[in-house]
Amino acid sequence: MKISVITAVYNCADHIADCIRSVAHQVLPEGVSIEHIVIDGNSTDGTQEIVRSFGAAVAVFVSERDGGVYFAMNKGMERATGDIVAFLNADDMYAHPHVLQSVVKAFYENPSADAVYADALFVERDNPQAVFRFWKAKAMYPRYFEDGEIPHHLTLFMRREVLQKTGLIHTAFRVSADYDLIFRFFRVAGGRGQYVNDLWTVQRLGGISNRSVRNVLQGNFEILRSWWRNGFGFPLLTLFVYRPIKKLQQIKSSHHIPPRYAHYLATLFSW
């Protein structure tokens, strides 16, 4: 089994090394390999030099001007050759060295699964030990998306054959294109998901969708468009009731993360 991890980056010299290191230090089961694909938007802050310093740990490195993060993610998808495809942002990290072991185990134990996913932490940008939000995922059920649930995109590992049926990211969406891709993977391409009770990713605050009130509103509008264009109507309760409640619950629960998750944070930079 080969796992392709796609990282889009632009001027992220402060954090890109942590991201690449978290992939390179994964402990792999026998017969499993990583293909780390880094797509850079022609950074000018030293990011390119840092990526190149990792040598063969980065299997594919492309640096050229593009239309933004979603264009870069599409380039990565087009170049991915792994059986499984995942995304990891340039300023984010895998939570511990055994994430991919957990991923492979989940696929082997659930051969009918087209994707596996787990929990995530949102942390302060310059202090990863300070947890802001604990994304506790749930197993899928018939009204999963209607109830405001969705797998965190950085914990989602998808079979490439189903991802190819899903198609590329719709770059007309400027904020919620990742939501649209996931929604199409499960609701349009018919992907089957398996939840794993583990922490897989640590995400620094400052992502596109939650960068400002304007972006939050635009993101909600784009989610409406995604449902409508895929033939599922307008999920008003999902957007304006269930999703906000879900986010508030995640922020509240950040003070009660499992002890092993706190241990992961404490050892994150000691690999």
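Predicted model: local features only at pLDDT ≥ 70, side-chain atom pairs only at ≥ 80, totals over all residues.
Let me start with Thr-7, which, leaving aside its neighbours within four places in sequence, is in contact with Ile-16, Cys-19, His-36, Ile-37, Val-38, Ile-39, Leu-88, Asn-89 and Ala-90. Thr-7 is found in strand S1, and because its relative accessible area is 0%, under the 20% cut-off, we call Thr-7 buried. Two polar contacts involve its side chain: Thr-7 meets the side chain of His-36 at 2.9 Å, and the Thr-7 side chain also reaches the backbone oxygen of Leu-88 at 2.8 Å.

From there I would like to follow the strands. S1 pairs with S4 in the parallel sense, over four bridges, and within these two strands Ile-3 stands opposite Ile-84 of S4. S4 also pairs with strand S8, residues 157-159, this time in the antiparallel sense and over two bridges, where the bridge partner of Ile-84 is Arg-159. How are the two faces of S4 covered? On one side sit Ile-84 and Ala-86, on the other Val-85 and Phe-87, and all of these residues are buried.

Phe-87 brings us to the nonpolar cores. In soluble globular proteins, nonpolar side chains tend to be buried together. Here the largest nonpolar core has 39 residues, and those with the most contacts inside it are Phe-87 and Phe-145. Several elements supply at least two residues each to this core, among them strand S1 (2-9), strand S2 (33-40), helix H3 (69-79), strand S4 (84-87) and helix H7 (213-229). Which helix gives the most to this core? That is H6, with seven residues. As for Phe-87, if we do not count residues up to four places away in sequence, Phe-87 touches Ile-6, Met-73, Met-77, His-153, Leu-154, Met-158 and Leu-181.

Let me finish with a leucine in another setting. Finally, Leu-248 and Arg-133 lie 115 residues apart in sequence, while in space their separation, C-alpha to C-alpha, is 8.9 Å.

Technical notes. Residues numbered from 1 in each chain as written. Heavy atoms only, no water. Core = buried A, V, L, I, M, F, W, Y, C linked by side-chain atoms within 4.5 Å. Buried < 20%, exposed > 50% of the residue type's maximum accessible area, 1.4 Å probe, protein only. Contact = heavy atoms within 4.5 Å. Polar contact = N/O pair within 3.5 Å; in protein donor to acceptor, adjacent residues only side chain to side chain. Pairing = 2+ DSSP bridges.
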